[in-house]
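Here is a short exchange about how terms are applied to a protein model, with each answer setting a value against its definition.

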Amino acid sequence: MSVTGAHPGIFDGLPAAPRPEPGGNYLTQTRGLRSWLLTLDHKRIALMYMLGVLSAYLLGGCFALALRAILFHHNTQVFAGNPARTWEFYNNMFTLHGAVMVFMFVIPAIPAVIGNFVLPMMLGAKDVAFPKLNLASFYCWVGGGLFFCFILLKGVLNVAFPALIHLWGPGGLDTGWTFYTPYSTTTNSAVISATLGAFILGFSSILTGVNFIASIHMLRPRGMGWFRMPLLLWALYATAVIQVLATPVLGITLLLLIAERTLHVGIFDPALGGDPILYQHFFWFYSHPAVYIMILPAMGIISEVISVFSRKHIFGYNFIAASSLAIAFIGFLVWGHHMFVSGQSPLADAVFSLLTFAVAVPSAIKTFNWTMTLYKGDIHLKTPLLYILMAIFLFTIGGLTGLFLGSLSVDVQVHDTYFVVAHFHYVMMGTTLFAFVGGLYYWWPKMFGRMYSENFARWAAVVAFVGMNLTFFVQFIMGAQGMPRRYATYPAQFTIYHQISTIGAFTMGLGMFLVLLNLLHSLKFGKKAPPNPWGSNSLEWQTTSPPPTENFKTRPVPGDPYDYTGWRYVSEEEGYVRIQPPPAAPVPAAP
Amino acid sequence: MARTPPSADVVPDQAQAVALARYRAPVEVLPDPHQHLAHHFDTPKQQFDAAKVGMWIFLATEILMFGGLFVAYSVWRANHPEVFLYAHTKLFRYLGATNTVILICSSFTMACAVRAAQLNQRRLTVFLLALTLCGGVGFLCVKAVEYTREYRDGDFVGVLNIYQQAVYGKNAAKIHIGEEPQTHAGASTQGQGASATTVALVPSSATRASSPAPSPWPLGLEVSKVTPAPPGPAGLRAGLRIGDEDLPTPKPFSLTWNELPPFAKAHTHQFFQLYFLMTGLHAIHVIVGMSLILWVLIRAARGSFNQYYYTPVDLVGLYWHLVDLIWIFLFPLLYLIH
């Protein structure tokens, strides 16, 4: 065995890296569609989720491109001579884009795909605490999601081809993903069906959250106290807490909205003495924490990847872990900053503004700690790290513009303009999506046992990054100049910004397509992946790639997940192997 | 694992052994503690604890779901205390109290059933679970009686509520806002006696005009004819003020429809909407809980549980206690308002 390092004899007498068993791995141990659809294995459920979530992303992404195409000209007429129909078309499309992206892509993406795959393995466990619940969560997602997409697509298609109404009746949603009252209590579109779809999707999210909390509490192995967990687990834990505590409030809000439309109970409908602002309070009590459901797991991935590719212990572990919980906690107290111009009391405005600024503190703690991890590290600029660096860069822009929006006077100016659109796309797209793709690249060898083309992946990353900034940076400018969001037409003075934005969107679409191409290509033609291609010390890399159904042949012994001294690159293996046996006496778990 | 008397191996001859065997304790097969252990848990205790943690987290989501309704209740009660004071008298307090007793008793039998399951007393477990189920059935029966009577009185949900019809409905033109709304089955029987005793307390138009406040709500023509009383917590006091005369403080329950300020009349129907949404959601939870109890009852009757494995009984018990607990909050908040 030849070693790239200077100590050729160092591997003598040490166990070789785990080899794939002849019995196969979790992908091949059982075959047939049934064995997938009824599986209780968290890894297979994660892959099924991945297929679903990426399909939702494709759907939402196509409609984003369609929207940008309409906005290329300041007064595009899709249906000649009938501007109202074009606007209706546009309204249905932006609602579909937002609702599908939020409820079906960004919220489940990282927890349900990467979290489901990695969480039990990081714990050295065989599965999540409740495997059946995990499968139930997936089918809630599929059922709710198909229904939701059907309703939303129906609206778009009905406008495009009015003859279809005779086939399947009216449908669609034109309220935006927020279902704001009083419009949602009066519009003719299918609010009730869409709301039911979102309600069921929420159930899926809750079940995943319950599973993750119970798994992290109960399945940690001896030797892995709370502060020896990989930071992704902290992030997923904080996410799960939000999912569990906030999603039921969305559930009751949507039920009340259904009751409002069917029974006319007059809770939200001002025509019956109801209070539409109460709806906004309820909605944002869920939906603001929901943006932390979207961003926190991405932060967890960043923490994992940045340390591994810097070959350096994560800087400020305790602070990163605690800041996840702090973001989750403060995130519950800032919903009012969506309502600065809704007629809230000035006192509430001020308090919410202050608390919004407070969220910046834990976010900045994370960012500085990531930067410090890079500092003087032995940086390997592989694709996952490239994506993660891009995500941090974009998060810095998205996060700091969040402070603009959190300050009262500025928000009054830019409220509901493209400035807001740019801000949350920098955070949701820029950070969450880039971290998600980075995470996919990072765990792809573990998932499928194949390596992808590094160079191709890096170029695709650059294309996506350029597209992302082209699309959204100009939106800050036009938003600050007063271009409102959700409009199908605009004054000609904004044309140049919109055109740059549209070109950027298609560039980004190309970049995402290249990512997909590369990953699919690797499944068939990629080189076989070693057990530990990146030299991480967390437990999911201490088994074969891909792992067997039960994850580990022998239960791994947890150590410090960010201590890389025990791993060395071996060119024959094209991956890292252990140069010292695992610690003999595990530290007892903290209670 | 068989329990063997210590003398078993010293029996000298077969006849004696047969005779002795008659007096042996019946062979008891102890259940295998690991029978229900899933492959990804190390010990039954870990599995049980995980299930319990999961259930508690799920119960937290239930509380937050009801929390939305409790917040809506708080907002409306804080804004319109006089509405709640007036409208809650239309509910059937004694039926609500009966239901409270029924649910508390069924919670007690549920707790006993869990204990019986832990002690591997199968028949007792089944009996207690059946009693609990009966509690659920009784609760729903009483609730059905309540809903029926409320429907008869017109204090119903949605557009079937006479207070909503009176202020916003199609027949708002017929029913003057100053009049007691007519019920579906004729005149309301509730609150009539009270109004006779409080005729003197009806504020004159002069005192009403002394406390004007613009109504922010786009109400009907009838409402805008009358100067609204100030909204908010001060509304009740201002609405009942009689001037500077030193009269005894009016009893809260003597509030009548005529005494309600128009602003409050516009919101009266919301009390009933909230009442039906809250109790309706709770009733759905009762039905779910009863289905779960039936499920564990059947499993208990089949002997699925023993001293090492009673997790479903325990978790269903927790769920039933939550259902009970929510009612414990609903009852005073809806029926016992002062």
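Q: Which helix does the largest share of the nonpolar patch come from?
A: In this predicted model, helix α16 of chain A, which covers residues 495–525, supplies the largest share, with 6 residues.

Q: Why is A:Leu516 called partly exposed?
A: The relative accessible area of A:Leu516 is 41%, and partly exposed refers to values between the limit for buried, under 20%, and the limit for exposed, over 50%; A:Leu516 is therefore called partly exposed. The place of this residue is in helix α16 of chain A.

Q: Why does A:Asn369 count as buried?
A: Its relative accessibility is 7%, and buried means under 20%, so A:Asn369 counts as buried. The residue lies in helix α11 of chain A, residues 346–374.

Q: What does A:Asn369 touch, not counting residues up to four places away in sequence?
A: With those sequence neighbours left out, A:Asn369 touches A:Phe315, A:Gly316, A:Phe319 and A:Ile320, where a contact means heavy atoms within 4.5 Å.

Q: Which helices each supply at least two residues of the lining of the largest cavity?
A: They are α3 (83–122), α7 (191–218) and α8 (231–263) of chain A.

Methods: Residues numbered from 1 in each chain as written. Chains lettered and ligands numbered in written order. Predicted model: local features only at pLDDT ≥ 70, side-chain atom pairs only at ≥ 80, totals over all residues. Heavy atoms only, no water. Helix = DSSP H or I, 4+ residues; strand = E, 2+ residues; numbered from the N terminus. Buried < 20%, exposed > 50% of the residue type's maximum accessible area, 1.4 Å probe, protein only.
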